[in-house]
Amino acid sequence: MENVEDNRQALRELLFTAPDCLQYLSGVILFEETLYQQASNGKSFVEVLKEGGVIPGIKVDKGTVDLAGTDEETTTQGLDGLGARCDQYYRMGCRFAKWRAVLKIGENLPSPLAIQENAYGLARYASICQQSGLVPIVEPEILVDGEHDIEKCAAITEVVLAACYKALSDHHVLLEGTLLKPNMVTPGSKAPKVSPEVIAKYTVRTLQRTVPPAVPGIMFLSGGQSEEEATLNLNAMNQLDTKKPWTLSFSFGRALQASTLKIWSGKKANVAAAQANFLARCKANSDATLGKYAGDAKGAGADESLHVANYKY
Amino acid sequence: MAALLKPAVSLASSQFMGQVLKPAAASSSLATPQQYASLSVRAGPYADELVKTANAVASKGRGILAMDESNATCGKRLASIGLENTEANRQAYRELLVTTPGLGDYISGAILFEETLYQSTLAGKKFVDCLKEAGIAPGIKVDKGLVPLAGSNDESWCQGLDGLAARSAEYYKQGARFAKWRTVVSIPNGPSRLAVVEAAWGLARYAAISQENGLVPIVEPEILLDGEHNIDRTLAVAEEVWSEVFYQLANNNVMFEGILLKPSMVTPGAECKERVTPEVVAEYTLKMLKRRVPPAVPGIMFLSGGQSEVEATLNLNAMNQSPNPWHVSFSYARALQNTVLKTWGGNPEKVKAAQTALLIRAKANSLAQLGKYSAEGESEEAKKGMFVANYTY
């Protein structure tokens, strides 16, 4: 399908008007264009979501740029004029925001510079959001790319999250009014896979060591996992009998949309089937937040890896 | 979860270890392999035992008896009941405490001063054995006291890192299983950023060394009660201090499942005109803990810092009215010993009565840990405040 505004509008309409889906979603993160779009009946997408009990959120970062003197590490832009933009987004009905910082694991990576710079950017963004009434989702994504094992991912995620919460504290961010969007702790994309139970144990251990209980919710990114993998991992975490004073939930992009997109293929005739598939994935993830997913929502493509190297979005 | 703490791969085979420094290319990272040397797991040789000890001390309905007064401070206690500060008197008093029958029902750990760690009852039984048999973990004060912090606003820092590894190993051999290091932060003096960072760094180094040698570190940055500041100011300072402490603990690769905290409660300063209820102390203190303490930490054992015995118990009780993600309990010295000392008065005939007094306070705090304490029937002595300005011990 061509990347034109009409097609982007059609995709979002398919998702937001899918019958019975919105009950499983507490929030939807929008891109700025989508914030100003309407459904074909003339109702704004923001209205459609609100009527469905879903809180509209907005991506506010302006993408990543290279950090000079590093081994292709990046920082995230978007602080200039952010306060004014947030005020406008609030007026449009948004009540939360999202900013994606990106780090990667490699030989001597992530560097202390990249960690500090990205943590600082997240803290500044969070502080500005709260001043404008938007709950900041704090997203320090450590890419899954690499050959490292799960132990290394755990160790680095701990270091990154510790730096993030130090920065948030230094910037006087109200933790009770934030959400965290971390990567799950997994082996690298080129390393042997492990079971959902192992991913769950390492991930929750990492969070227990770094995330203060004042943070109400941890909404995992799917980071290239297949739809089914992401759901199974989330489910395993919610079944663990251990200290979890925060909600463990999902903030999935590809892992909620991929197979739906395929089924739709841009054809009106496929909309109903695509929406039914989307409903299945939403319900599956809802069940996973309760530790009740029975693994029965597999549709076409649910097992396909959605990993794209060095992912940007 | 304890099984997870063993390294799945040995440190030597980790991808970070064993790397040689490559010649810097124009665009190479500024980091060096050594900065990631022990990143793969936060576990030394004693990981499992540390977790076991920490969880035993942080067990339901129990808390810590802090009896690690330095000889000088113990002297003050003895003087208050007309006794000379001799080793025999110190031994007699500590024997009274550690041989109290049934103490282990309410006390999970006892912090000792070095002299006491090596003492025995008059009949020749080691104090550490008395404690262990009672189900009480022996702990040891390892810091070497506070000294002026040069370049600060008349603030202090805590000494004790020199030779700490060797000392800790010796204490472990003697039977200690946890350690304690008390540093202080003063609100009337700032606190300055220097004092806060130094307090955090010292605690972090001590904690790492303790764990390396088999001792669970109790992490104690006491925010002194002295001052006219209100409770909001205390909250802001406490948040800053604990943020720095956890950040430095993480930088020193300390394993959080194997530490305990000993914070001061969040209260108004001693000279502040606005007093608050235990419920408000609980609300502020829990708010601070939830904002700063990762759930991996098994137990938070509050210091009493000059509160009266009853105040300290009421405040603890208020904090345990609903479930917390960590064990919330006590590590009291004066708030457990005040009435005991006065009851004993140095008289051998009063030992049983004094031990009973200790059990009364220990049980009261045990109930407070369970959220079930009521102040009805408490003696007047127990309600007396024990604030001493600029307290050193």
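Helices (H or I, at least four residues) and strands (E, at least two) are DSSP runs, numbered from the N terminus. Keep that in mind as we walk through the two chains.

This is a predicted model, in which local features need pLDDT of at least 70, side-chain atom pairs count only at pLDDT 80 or more, and totals for chains, interfaces and linings use all residues. Residues are numbered from 1 along each chain as its sequence is written, chains are lettered from A and ligands numbered from 1 in the order in which they are written, and side-chain values use heavy atoms, with hydrogens and water left out.

**Stop 1: chain B as a whole**

Select chain B and colour it by secondary structure. You will find 12 helices and 10 strands. Of its 393 residues, 60% are buried, where buried means under 20% relative accessible area, exposed means over 50%, and partly exposed is in between (1.4 Å probe, protein chains only). Now think about contacts, meaning heavy atoms within 4.5 Å. Among chain B contacts between residues at least 6 apart in sequence, 80% join residues at least 24 apart.

**Stop 2**

Next, centre on B:Leu249. Leaving aside residues up to four places away in sequence, its contacts are B:Leu203, B:Ala204, B:Ala207, B:Val219, B:Val254, B:Phe256 and B:Ile259.

**Stop 3**

Select B:Glu222 in strand E7 (residues 216-223). Is B:Glu222 buried or exposed? It is buried, at 6% relative accessible area. Beyond residues up to four places away in sequence, B:Glu222 touches B:Arg182, B:Thr183, B:Val184, B:Val185, B:Ser264, B:Leu303 and B:Gly305.

Then go to B:Glu271, in the loop between strand E8 (260-261) and helix H9 (278-292) of chain B. B:Glu271 is partly exposed, with a relative accessible area of 41%. Try the distance tool from B:Glu271 to B:Asp226: the two are 45 residues apart in sequence, and their C-alpha atoms are 7.0 Å apart. B:Asp226 is among the residues that B:Glu271 touches, along with B:Gly227, B:Glu228 and B:Phe387, again not counting residues up to four places away in sequence.

**Stop 3: a pair of cysteines**

Move to chain A and select A:Cys86 and A:Cys129. A disulfide is counted when a pair of cysteine sulfur atoms lies within 2.5 Å. By that rule there are zero disulfides over all chains. The cysteine sulfur nearest to that of A:Cys86 belongs to A:Cys129, 4.1 Å away.

**Stop 5**

Most residues other than glycine have a negative phi, and most peptide bonds are trans. Here are some exceptions to click on.

- A:Leu109 and A:Pro110 are joined by a cis peptide bond, with omega about -5°. A:Pro110 sits in the loop between strand E5 (96-103) and helix H5 (112-131) of chain A.
- A:Asn108 is in the loop between E5 and H5 of chain A. Its phi is positive, about 65°, although it is not a glycine, and A:Asn108 is buried, at 16% relative accessible area.
- Look for B:Pro191 in the loop between strand E6 (178-185) and helix H7 (193-212) of chain B.

**Stop 4: helix H9 of chain A**

Finish at residues 254-264 of chain A, which form helix H9. Its buried residues are A:Arg254, A:Ala255, A:Leu256, A:Ser259, A:Thr260 and A:Trp264. They pack against helix H1 (5-16), helix H8 (227-239), strand E9 (247-250) and helix H10 (271-289) of chain A. After H9 of chain A comes A:Ser265, with a positive phi near 50°. A:Ser265 is partly exposed, with a relative accessible area of 39%.
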